[in-house]
Amino acid sequence: MAVLLSTKTAVMAVWRDALLALDPTLEIRMFPDAGDPADIEAAVVWTAHDMAELRRYPKLKLIVSMGAGVDHLLRPPGPPPGIPVARLVDRMLTSQMGEWVLLNVLRFHRQDLEYRALQRERSWLELPAPVTAERRIGILGLGELGTHAAGLLRGLGFPVMGWTRRPRQVEGVETFHGEDGLAAMAGRSDVLVCLLPLTPATRGIVDARLLGRLPRGAFVVNGARGAHVVDADLLAALDSGQVAGAALDVFDPEPLPVDHPYWAHPRVVMTPHAASITIPASAAPQVVDNIHRARAGRPLINLVDFAAGY
Ligand code: NDP
């Protein structure tokens with residue numbers, strides 16, 4: 001029985017070696033060289049892989065996403081019916097995202113855009129001191145990534161709030177859920193951080209209505225998926241001053257077209273979907289564990305809940 005790997009050519013061999021280092025008996029097939037379709041029992045795939053293609057493997061027992069997000073795997077046609085999908089829950093993915101969120105919250109909190117503009121003008125001007133205890137952070141999504149980022153921000157002394165699908169308690173974080181909870185949290189979020197999965201319920205959630213609820217001059221930090229944000233609404237809010245700045249790692253589509261207004265916007269800071277990048281050696285143990293579990297018929301870990309969409 002074999003494991004099918006499918007990702008960018010540049011990292012395919014790195015993934016193969018990371019899996020083989022943990023279990024040298026695994027037979028790895030690198031897409032498109034799948035060999036006999038009847039040999040494939042697990043598929044470890046990244047965004048570009050066509051889910052319809054996975055219907056070719058009659059003995060497939062498990063699909064593993066090479067990232068934390070699975071929206072690309074669940075969109076139509078979706079995985080073959082009845083085949084479980086696991087995602088990555090990885091310490092290094094989580095810590096990288098925490099760093100990226102901190103970087104951008106601090107960038108806005110410490111008036112970095114303003115100081116860079118002043119530097120370009122050779123202008124020696126001190127701005128009012130920012131008060132950490134008064135800069136309220138609202139995080140959309142308190143899962144693996146959101147909870148970790150919340151802890152880092154709390155550690156620096158920011159008041160932190162979080163919004164989830166189900167009621168949730170997180171130490172030191174004021175939590176909200178549901179439509180009313182979202183409105184209440186947004187009204188007090190000086191910085192709105194999006195760390196939600198992309199699902200039908202969260203697509204376009206950062207729209208004119210939500211942005212209009214933020215305190216005037218708030219900041220938006222999106223490390224989740226581009227389609228969470230309605231770009232025209234964010235650009236309008238930036239241009240009106242309702243939103244004072246946005247840090248964006250993710251876009252719809254990616255790569256962002258070169259003529260998109262974000263590229264040159266003075267109040268937008270961009271990274272190319274690089275906030276948190278999967279490191280195969282770190283992610284491999286849970287993938288191999290799941291392959292062994294699937295073979296033995298034992299319960300799988302980090303499974304996607306198809307009904308919830310993440
Ligand atoms: P988790 O599944 O651990 O957490 C998701 C959180 O979002 C949970 O708190 C969940 O609520 C909440 N949520 C989901 N749907 C809703 C909803 N409809 N309303 C309110 N809250 C909701 O995900 P992760 O933290 O691991 O990852 C989050 C996302 O980050 C990924 O899906 C991916 O898209 C993105 N990502 C981006 C990366 C990058 O480099 N830019 C890298 C890695 C991930 P509840 O607690 O009730 O379940």
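User: Which elements do the buried residues of helix 1 pack against?

Analyst: First, the basis: this is a predicted model, in which local features need pLDDT of at least 70, side-chain atom pairs count only at pLDDT 80 or more, and totals for chains, interfaces and linings use all residues. Residues are numbered from 1 along each chain as its sequence is written, and side-chain values use heavy atoms, with hydrogens and water left out. Helices (H or I, at least four residues) and strands (E, at least two) are DSSP runs, numbered from the N terminus. Contact means heavy atoms within 4.5 Å. The buried residues of helix 1 pack against strand 1 (2-6), strand 2, strand 3 (40-45) and helix 9 (280-296).

User: Which residues of helix 1 are buried?

Analyst: Buried means under 20% relative accessible area, exposed over 50%, and partly exposed in between, with a 1.4 Å probe and protein chains only. In helix 1 (residues 9-22), Met12, Trp15, Ala18 and Leu19 are buried. These buried residues fall within an arc of 135° seen down the axis, so they line one face of helix 1. The arc is that of the directions from the helix axis to the C-beta atoms. Ala10 and Ala21 are exposed on the other side of helix 1.

User: What does Leu22 contact, leaving aside its neighbours within four places in sequence?

Analyst: Leu22 lies in helix 1 and, with those neighbours set aside, is in contact with Ala284, Pro285 and Val288. Leu22 counts as partly exposed because its relative accessibility is 44%.

User: How do I read helix 8 in the same way?

Analyst: Start with the buried side. Helix 8 (residues 231-240) has Asp231, Leu234, Leu235, Ala237 and Leu238 buried. They cover an arc of only 160° around the axis, which puts them on the same side of helix 8. The face turned away from that side carries the exposed residues Ala232 and Asp239. Helix 7 (208-213), strand 10 (218-222), strand 11 (243-248) and strand 12 (268-270) are what the buried residues of helix 8 pack against. After helix 8 comes Gly241, with a positive phi near 90°.

User: In what order do the strands of the open sheet stand?

Analyst: Strands of a sheet pair through backbone hydrogen bonds, either parallel or antiparallel. Two strands count as paired if DSSP finds at least two bridges between them. Here 5 strands form an open sheet in the order 2-1-3-4-5, with parallel pairing. Strand 2 (27-30) and strand 5 (85-86) are the edge strands, each pairing on one side only. Strand 4 (residues 62-65) and strand 5 run parallel and are joined by 2 bridges. Val64 stands opposite Ala86 in strand 5.

User: How many cavities of 30 Å³ or more does a search of the whole structure find?

Analyst: Rolling a probe the size of a water molecule over the atoms shows where empty space is left. On a 1 Å grid over the protein atoms alone, a cavity is a set of points where a 1.4 Å probe fits but cannot get out; a pocket is an open set with protein on both sides within 12 Å along at least five of seven lines, and lining residues have an atom within 4 Å of a point. The search finds 1 cavity of 30 Å³ or more. The largest cavity holds about 40 Å³ of space, and its lining includes Asn222, Asp231 and Tyr262.

Conventions:
Grid points are joined across faces, edges and corners, and a volume is the space filled by probe spheres set on the points.
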